[in-house]
Amino acid sequence: LAAMQPGTNWHLKENAREHHTSKFSSEELIVRRGQAFTITFNGIEKPEQNLIFLAETGPKPSKATKTLATFDISSAVSKEGWSAVLQSTSSNSVSISISSPHNAVIGRYKLSVQTGSSSPASLGTFVLLFNPWSSGDDVFMSNKAECEEYVLEEFGIIFAGNKNHISSFGWNFGQFQGDILNICLSILDRSLYYRQDPITDVSHRHDPRYLGRVLSAMVNANDDQGVVLGNWSGKYEGGKNPSSWTGSGEILQSWKKSGFKPVKYGQCWVFAAVLTTVLRCLGIPTRTITNFSSAHDADGNLRVDEFYDADGNHLERGADSVWNFHVWNESWFTRNDLGPAYSGWQVLDATPQEESGGIYQCGPASRYAIKEGEVELDYDCPFVFAEVNADCMYWNYDSATGKKTLIFSKSTEIGASISTKAVGRDDRVDVTSDYKYEEGSAKERDIFKKARKKLGLEDKFDPTAPTQEEIEQKPDISGKFKVAGSLEVGKDLSLLLVLENLQSDAKTVNVNMTAWSTLYTRRPVNEIWKDSISVTLAPKEEKQFPIKIKYPEYQQQLTTDKTIQVTAVCHVEDGIQVLVQRSITLDNPAIDIQVLGEAKVNKEVVVEVAFTNPIDTEVKDCVLQLEGSDLLQGTLELRIPPLKASEKSSTKFKLIPSEAGPKHLLVNFSCDKFADIKTFKMVNVIN
């Protein structure tokens with residue numbers, strides 16, 4: 001037998017269809033664990049002799065670590081381990097159905113066969129993945145439509161903006177394209193866990209909890225030369241602006257091509273989207289979640305403190321912050337370590353915010369544990385609980401004296417409109433009630449107290465906390481910013497500051513106002529405008545003060561997050577200060593995609609992208625970037641001539657779709673005045 005190398009027929013098409021792996025474009029067999037696959041091989045002279053199979057994975061396969069299995073032909077599928085059942089034999093070939101256990105280690109396996117005392121002959125390699133379609137698997141998902149969305153769908157929608165104005169953009173996860181599976185497997189082999197102890201690391205790869213945590217560390221570059229390097233400075237020289245990516249494929253390919261050097265640059269949605277790609281590729285159902293007004297509680301006291309000076313400038317003091325939005329992941333699997341109630345969606349976060357166990361990793365935190373305030377449970381529940389529940393304290397800080405005065409505190413500010421894409425539709429679904437009880441309800445406050453108690457915060461005196469007296473003080477006036485007019489890059493920004501006297505005597509108020517361009521994390525980048533006014537409000541009077549920030553005033557200062565924070569600090573004579581603030585995210589002008597004619601597999605179809613310059617000056621350096629799984633190989637970049645004021649450009653290009661079904665084309669348009677105008681179009685490809 002050793003002399004005759006057996007030829008193996010892996011029945012790629014049939015096995016892939018059975019195992020929901022047809023979307024992979026691979027010459028190698030890719031199957032899911034806990035389910036049978038069929039192979040045929042020849043070169044065996046007496047196939048009815050005792051055949052013994054070896055399946056092995058990892059650097060030092062052994063039975064003890066469940067990385068080596070030896071099994072002979074049996075009459076039925078084994079409940080426990082690997083098994084082989086004879087399908088048919090002919091004079092020199094044999095068909096075998098091979099089954100792996102539900103809890104097999106995932107990864108690339110070598111399969112060999114031996115007869116009698118001869119040495120094993122290699123049949124080749126195959127890749128084994130998690131199996132959400134199989135009821136014995138830790139990642140089993142009973143709803144087939146959810147399996148389709150959270151494992152097989154290569155297109156996603158990520159929500160952004162702010163809680164008053166939610167926007168969204170498409171993303172090409174592309175988990176089945178080209179070399180992505182191999183790159184995902186090499187991510188596992190480059191983790192700190194693998195480098196420290198490869199044998200133990202590989203033996204844990206049957207467990208989605210373990211892999212989720214390892215990958216939450218590996219997708220960011222901190223600690224381990226992982227995939228994406230974060231940058232929240234507003235300056236992105238030497239790399240790509242985080243807003244410019246439209247898919248994970250280019251990022252993962254660049255990481256591999258550069259010899260595994262971190263790809264520059266990412267922000268939260270990039271980390272979350274890349275982690276979605278990797279986990280879906282490996283077969284763990286995963287989705288992206290956007291949390292609006294997301295707290296980053298750096299010191300673990302379930303409170304975030306924000307500081308302002310007397311002029312209304314937002315000060316960067318302390319490590320706490322509130323982001324307009326933050327994107328993380330949920331993956332679906334059982335929590336045998338915690339009990340059945342805690343199974344289901346688990347929070348993973350690859351954005352490097354705080355260390356956990358000495359490295360930048362986060363999760364899996366059971367979503368049910370977060371809702372119930374069970375913050376002592378593994379992993380990283382206090383951090384995730386704070387992201388959706390922390391109390392907000394706004395302080396006035398006097399840098400000359402170092403004195404801080406509480407302006408007001410809010411317990412309903414954090415964790416709003418928690419959002420994800422609908423199953424099978426391009427809509428937003430609100431999942432806030434899966435993370436917490438209704439804001440302002442007694443139950444929600446009880447859970448918050450329970451969490452504080454479990455963290456030992458109830459009994460500890462906190463010198464930085466405001467006094468009860470400070471918290472209960474009542475302001476004499478109230479204020480808010482209202483938007484008057486459109487919120488579009490290229491147009492003037494019109495707002496109203498509305499002030500109301502809550503008392504029955506007249507009040508004099510000095511108002512200091514500022515507008516800053518910020519990142520989506522609300523980090524101030526450039527001052528745009530400031531003004532101050534003095535007003536007298538008659539008893540119970542409400543007054544409106546129009547504010548206009550002209551496009552030329554903010555155009556140079558705007559970040560690619562297109563976010564402006566307006567703040568008014570109101571100094572009431574003989575009263576306490578009142579802080580009025582609003583974060584405003586501007587919309588880019590629209591871009592339009594038309595598919596001209598029918599899209600058919602392997603046939604050219606023309607697509608037209610149109611953009612009208614909405615401003616009264618020329619725009620130049622125009623670039624169109626396109627991608628879409630099964631529509632284009634990689635990304636396509638087209639340069640477009642400059643556009644005069646109000647001029648319309650129309651660009652036509654050809655696609656050759658490679659697969660039938662609903663596919664998504666993603667477009668990103670940039671020029672010197674507008675960054676990363678994104679849109680997507682569903683293209684229904686027919687055979």
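This note covers the annotated active site and the nonpolar cores of a predicted model.

1. The unreviewed UniProt entry annotates C268, H326 and D349 as "active site". These residues span 82 residues in sequence, yet no two of their C-alpha atoms are more than 9.9 Å apart, so they gather at one spot.

2. H326 sits in strand β17, which runs over residues 321-333. Its relative accessibility is 0%, so H326 counts as buried, the cut-off being under 20%. Leaving aside neighbours within four places in sequence, H326 is in contact with both other annotated residues, C268 and D349.

3. D349 lies in the loop between β18 (344-348) and β19 (365-366). At 3% relative accessibility, D349 is also buried. The side chains of D349 and H326 make a polar contact at 2.7 Å. Beyond four places in sequence, the residues that D349 contacts include S216, W328, Q361, C362 and E387.

4. The largest nonpolar core has 70 residues, of which W171, L181, I251, W269, V274 and L282 touch the most other members. Helix α8 (residues 268-282) gives the most to this core, namely 12 residues. Domain 1 (7-129) and domain 2 (144-455) each supply at least three residues to this core.

5. W269 touches I158, F169, W171, P242, S243, F325, V327, Y520 and D561, not counting residues up to four places away in sequence. Apart from the core described above lies another, of 58 residues, with A515, I584, V619 and V683 among them. In soluble globular proteins, nonpolar side chains tend to be buried together.

Note on methods: Residues numbered from 1 in each chain as written. Predicted model: local features only at pLDDT ≥ 70, side-chain atom pairs only at ≥ 80, totals over all residues. Heavy atoms only, no water. Core = buried A, V, L, I, M, F, W, Y, C linked by side-chain atoms within 4.5 Å. Buried < 20%, exposed > 50% of the residue type's maximum accessible area, 1.4 Å probe, protein only. Helix = DSSP H or I, 4+ residues; strand = E, 2+ residues; numbered from the N terminus. Domains from an automatic or database assignment. Contact = heavy atoms within 4.5 Å. UniProt positions renumbered as here; feature names shortened; annotations may be inferred. Polar contact = N/O pair within 3.5 Å; in protein donor to acceptor, adjacent residues only side chain to side chain.
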